[in-house]
Amino acid sequence: MSTHAIFLDRNARIAETFEHGEMPALPSLNTMVLTCIDARVDPAHVLGVDLGEVVVFRNNGGRVTPGFIDELSALSAMVKRMTGAQQDPSFAVVLMQHTNCGAQSLADPAFAAEIKTTLDVDVSAMAITNQNTDLIADIDRLTAAEKIPGSITVSALLYDVQTGKASEVAAPKTLDELRT
Ligand SMILES: [Zn+2]
């Protein structure tokens, strides 16, 4: 059976007892998690996130790329419009990288050069060399991105795939605080 068919089968069983049709679109924890696409770091499983609680954004490495900055700034505008608020939204963004990440291979200059040559893809913003310093660098990228409202709070976690434990790399601060 294809995974496509497996998913339809699983969903049919889930839909039988579905009772979240009235759930609001805005997440109840007022939070976005940015993390890696790695199958071992699904926030629903490793952070105990329930349906409707957070917006989850995942990319290769869970890094703050130019694409993510565009997505986040557009999302901020969408939230402001949806809530009819006069002020910028004040949701939290939790960055979570993990140990033993495949994006560490993108830090190999020869491999990065090969991808650039063969695919015309620049992986420099996605590569992971040291999760602790890369998370701080990602907070710096958000701080420097003026299109993202200063009212947004940013923090960083490092998840260990061996122990299942997430540890704090940076405590929550608003971008306004970080920009002063
Ligand atoms: Zn990863």
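Rings of Phe, Tyr and Trp (its six-membered ring) count as a pair if their centres lie within 6.5 Å, with planes under 30 degrees apart called stacked, over 60 edge-to-face and the rest tilted. By that rule, this structure holds one aromatic pair. Heads-up: this is a predicted model, where local features need pLDDT of at least 70, side-chain atom pairs count only at pLDDT 80 or more, and totals for chains, interfaces and linings use all residues. Residues are numbered from 1 along each chain as its sequence is written, and side-chain values use heavy atoms, leaving out hydrogens and water.

**Aromatic pair**
- Phe57 and Phe68 sit edge-to-face, at 5.0 Å centre to centre and 70° between the planes.
- Phe57 is in strand β2 (residues 54–59) and Phe68 in helix α3 (residues 66–83), eleven residues apart; helices (H or I, at least four residues) and strands (E, at least two) are DSSP runs, numbered from the N terminus.
- Phe68 counts as buried because its relative accessibility is 1% (buried is under 20% relative accessible area, exposed over 50%, partly exposed in between, with a 1.4 Å probe and protein chains only).

**Zinc site**
- Cys36 (SG), His98 (NE2) and Cys101 (SG) are the protein donors of the zinc ion, 2.0 to 2.2 Å from it; donors are N, O and S atoms within 2.8 Å of the metal (3.2 Å for Na, K and Ca), and water is not among the atoms, so sites may look incomplete.
- Cys36 in strand β1 (residues 31–36) and His98 in strand β3 (residues 92–98) link distant parts of the chain, 62 residues apart.
- Cys36 is buried at 3% relative accessibility, and His98 is buried at 0%.
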